[in-house]
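Subject: Structure for your files

Dear colleague,

Please find the structure below. My notes on it follow.

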Amino acid sequence: MGCTQSKHDASEDASNGTMLQAVLGHLGQLDGDAKLDHTTMSIVYDIFKDMDKDSDGTVDKSEFEKFLSTHPAAKTLWEGEGKASMSRSLKDAIADERLSFYELVAAFAPEAPHHAGDASGIGGLESLISDAAWGYRGYNGPENWALLSPKNKLAATGKEQCPVDILPSTCVPCPAVDGDASLAYGVGPGTILNNGHTIQVNWKGGSMSVGGTTFEAAQFHFHTASETTIRGMQYPLEMHVVHVTPGEPMRIAVLAVLFETRTDVEEVFLSQFFDQLPSHVAHDQDDAETLTRPVDLSSISLDGGYYRLRGSLTTPPCTEGLEWSVLASPLPILPAQLETFRKALGKTVRNFRPTQPLNGRTITWVCACQA
Ligand SMILES: [Zn+2]
């Protein structure tokens with residue numbers, strides 16, 4: 001047992017040491033417009049996660065030293081070639097501050113143009129890497145969206161971020177029995193695409209009114225599993241109908257609809273376009289495929305009650321000030337449909353952001369039974 005363990009450690013250390021060596025060499029040579037590629041970023045992020053023992057998103061001195069003490073090859077490299085390859089000593093930096101992933105990468109790549117970002121000098125990973133596209137896992141996953149670009153800073157500093165967990169017992173009944181929202185959904189033409197983050201249907205065929213303002217439906221898209229949770233429970237699928245006001249400044253209202261797998265009720269909504277789910281990721285909106293039949297959203301209704309709160313986009317740049325509504329009753333999805341949907345999403349599957357703190361926000365609850 002002990003023998004197996006030490007063998008494992010030795011090989012792990014060797015591979016980490018080799019990776020670290022390659023990565024340090026690569027970073028140290030960066031200058032001008034040179035950018036890091038996806039593979040290098042993934043390796044650096046794995047090393048960072050390995051160092052960050054308490055998983056708080058930063059590496060402090062003790063974590064860094066612990067990493068070196070358990071990876072002798074990395075230690076040798078660090079004390080020789082690693083240190084020499086840097087103009088700013090990470091060792092000094094680490095002595096008096098906690099380094100985020102971005103700062104760690106920036107410290108290793110002193111000549112890269114990473115200070116060309118905003119006034120604070122934090123350019124974000126987008127200035128260091130060749131493809132700063134956000135994703136749902138690894139170095140460009142939700143925990144690092146704010147590090148990717150200064151434009152995404154609300155992902156870390158925002159106070160009205162979505163999605164949220166809804167605890168019905170803590171929701172406040174809406175003072176107006178009918179609530180402050182209404183839907184006027186009909187039938188409209190649509191185009192469909194997999195944009196690399198989600199499957200989206202661009203659709204014009206209705207509007208949502210919230211607090212006296214009318215928002216026109218622009219598109220609806222899907223997350224697997226759900227982003228919104230109820231009492232901590234995730235549903236297999238969530239749809240967001242995104243509505244916008246015409247003109248500037250544009251305001252956004254989102255209606256979130258949860259789905260649960262059912263076989264005992266008739267499914268009437270998803271089947272309208274499920275035979276045209278895209279099989280590949282589109283490069284831009286022009287690649288969206290026109291749906292052969294118009295899509296009818298009139299089966300989606302607020303009659304079963306809904307939750308209301310102030311919120312944000314759940315994807316970068318995580319813009320706040322959105323009117324959020326969540327239908328209280330999930331719609332049905334057939335198990336076979338769910339499987340088809342997951343297959344169509346391909347690598348995009350599991351495209352959900354974890355729930356965010358309410359930070360004192362009130363969720364109001366409009367119950368059909370009050371009417
Ligand atoms: Zn969404």
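Rings of Phe, Tyr and Trp (its six-membered ring) are taken as a pair if their centres lie within 6.5 Å; planes under 30 degrees apart are called stacked, those over 60 edge-to-face, and the rest tilted. By this rule there are 17 aromatic pairs. One of them is F220 with F269: the ring centres are 5.8 Å apart and the planes stand at 50°, so the pair is tilted. F220 sits in strand β10 (residues 213-223) and F269 in the loop between β14 and β15, so this pair ties together parts that are 49 residues apart in sequence. Helices (H or I, at least four residues) and strands (E, at least two) are DSSP runs, numbered from the N terminus.

Some notes on the source. This is a predicted model, in which local features need pLDDT of at least 70 and side-chain atom pairs count only at pLDDT 80 or more, while totals for chains, interfaces and linings use all residues. Residues are numbered from 1 along each chain as its sequence is written, and side-chain values use heavy atoms, with hydrogens and water left out.

Overall, the chain has 9 helices and 20 strands. Of its 371 residues, 48% are buried, where buried means under 20% relative accessible area, exposed over 50%, and partly exposed in between (1.4 Å probe, protein chains only). A contact means heavy atoms within 4.5 Å. Among contacts in the chain with a separation of 6 or more, 65% come from residues 24 or more positions apart.

A nonpolar core is a set of buried Ala, Val, Leu, Ile, Met, Phe, Trp, Tyr and Cys residues joined through side-chain atoms within 4.5 Å. The largest has 39 residues, of which F220, F259, F269, F273 and I300 touch the most other members. Two or more residues each come from β5 (181-185), β8 (199-203), β9 (206-210), β10, β13, β14, β19 (331-333) and α9 (335-345). Another core, of 26 residues, lies apart from it and includes F101, Y102, L125 and W134. Beyond its neighbours within four places in sequence, F269 is in contact with F220, M239, F259, V295, D296, L297, S299 and I300.

Strand pairing around β10

Two strands pair if DSSP finds at least two bridges between them. β10 runs antiparallel to β8, with 3 bridges joining them, and N202 stands opposite Q219 in β10. With β9 the pairing is also in the antiparallel sense, over 4 bridges; here S207 has E216 of β10 as its bridge partner. β9 and β10 form a hairpin with 2 residues between them, and G211 in the turn has a positive phi of about 55°. β10 and β13 run antiparallel and are joined by 7 bridges, with H243 in β13 as the bridge partner of A217.

H223 lies in β10 and H240 in β13 (residues 237-244), so the pair ties together parts that are 17 residues apart in sequence. H223 is buried at 1% relative accessible area, and H240 is buried at 2%.

Two polar side chains

A polar contact is a pair of N or O atoms within 3.5 Å; within protein, one must be able to donate a hydrogen and the other to accept it, and residues adjacent in sequence count only if both atoms are side-chain atoms. Q161, in the loop between α8 (154-157) and β3, is buried with a relative accessible area of 2%. Its side chain has a polar contact of 2.8 Å with that of R353. D264 is in the loop between β14 (252-261) and β15 (289-290) and counts as exposed at 57% relative accessibility. The side chains of D264 and R262 are joined by a polar contact of 2.8 Å.

Regards
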